[in-house]
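Hi,

Here is the structure I promised to pass on to you. Have a look at it first, and then read my notes below.

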Amino acid sequence: MPKDPIELTKMTIYPEDTANKVKSAYISGFQQPVFFGVHGGVKQFYGVEPEVEYPSTLDHIVAAAGG
């Protein structure tokens, strides 16, 4: 087993629309940002109605764990 990390991810996250929980993440090595936001029950929980719905941070975590 390797003892050194295989990859270290560097990213910068910017709030795009704080009121509607939208953030963009710029990941090292990729030109386009990944967008995080709210949809479905999450937007209902926060009481917001964003113009564009994006997967939540939890959605990304679940997808990563399942992938």
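Let's start with the sheet: three strands make up an open sheet in the order E1-E2-E3, and the pairing is antiparallel. Please keep in mind that this is a predicted model, where local features need pLDDT of at least 70 and side-chain atom pairs count only at pLDDT 80 or more, while totals for chains, interfaces and linings use all residues. Residues are numbered from 1 along each chain as its sequence is written, and side-chain values use heavy atoms, with hydrogens and water left out.

The strand and helix names come from DSSP runs numbered from the N terminus (H or I with at least four residues for helices, E with at least two for strands). Two strands are said to pair if DSSP finds at least two bridges between them. E1 and strand E3 (34-36) are the edge strands, each pairing on one side only. From one strand to the next, the twist averages 25°; the axes behind such angles are lines fitted to C-alpha atoms (for helices over the stretch in contact), and the angles run from 0 to 180 degrees between N-to-C directions.

E1 and E2 are joined by six bridges in the antiparallel sense. Two of the residues to look for are tyrosine 14, whose bridge partner in E2 is serine 24, and threonine 12, which stands opposite tyrosine 26 in E2. The hairpin of E1 and E2 has four residues between the strands, and lysine 21 takes a positive phi near 65° there.

Next, the aromatic rings. Rings of Phe, Tyr and Trp (its six-membered ring) pair if their centres lie within 6.5 Å; planes under 30 degrees apart count as stacked, over 60 as edge-to-face and the rest as tilted. That rule gives three aromatic pairs. One of them joins tyrosine 14 and tyrosine 26, edge-to-face, at 5.9 Å centre to centre and with 75° between the planes. Tyrosine 14 belongs to strand E1 (residues 11-17) and tyrosine 26 to strand E2 (residues 22-27), so this pair ties together parts that are twelve residues apart in sequence. For accessibility, buried means under 20% relative accessible area, exposed over 50% and partly exposed in between (1.4 Å probe, protein chains only). Tyrosine 14 is partly exposed at 42%, and tyrosine 26 is partly exposed at 35%.

Phenylalanine 45 and tyrosine 46 also form an edge-to-face pair, with 5.1 Å centre to centre and 85° between the planes. Phenylalanine 45 is exposed, at 68% relative accessibility, whereas tyrosine 46 is partly exposed at 43%.

What about charges? Side chains of opposite charge can pair when their charged atoms come close. A salt bridge here is a side-chain nitrogen of Lys or Arg within 4 Å of a carboxyl oxygen of Asp or Glu, and the structure holds two salt bridges. Glutamate 49 meets lysine 43 at 3.0 Å, N to O. Is each of these residues buried or exposed? Glutamate 49 is exposed, at 57% relative accessibility, but lysine 43 is buried, at 13%. Glutamate 53 also forms a salt bridge with lysine 43, at 2.5 Å, N to O. Since glutamate 53 sits in the loop between H1 and H2 and lysine 43 in helix H1, the pair ties together parts that are ten residues apart in sequence. Glutamate 53 is partly exposed, with a relative accessible area of 41%. Lys43, Glu49 and Glu53 are linked in a network of salt bridges.

Valine 34 is in strand E3 and is partly exposed, at 27% relative accessibility. Which residues does valine 34 contact, leaving aside its neighbours within four places in sequence? They are Lys23, Ser24, Ala25, Ile27 and His60, where contact means heavy atoms within 4.5 Å. The C-alpha atoms of valine 34 and lysine 3 are separated by 30 Å, with the two residues 31 apart along the chain.

Serine 56 is in the loop between helix H1 (40-46) and helix H2 (57-66). Serine 56 is buried, with a relative accessible area of 6%. Apart from its neighbours within four places in sequence, serine 56 is in contact with Phe36, Gly37 and His39.

Cheers
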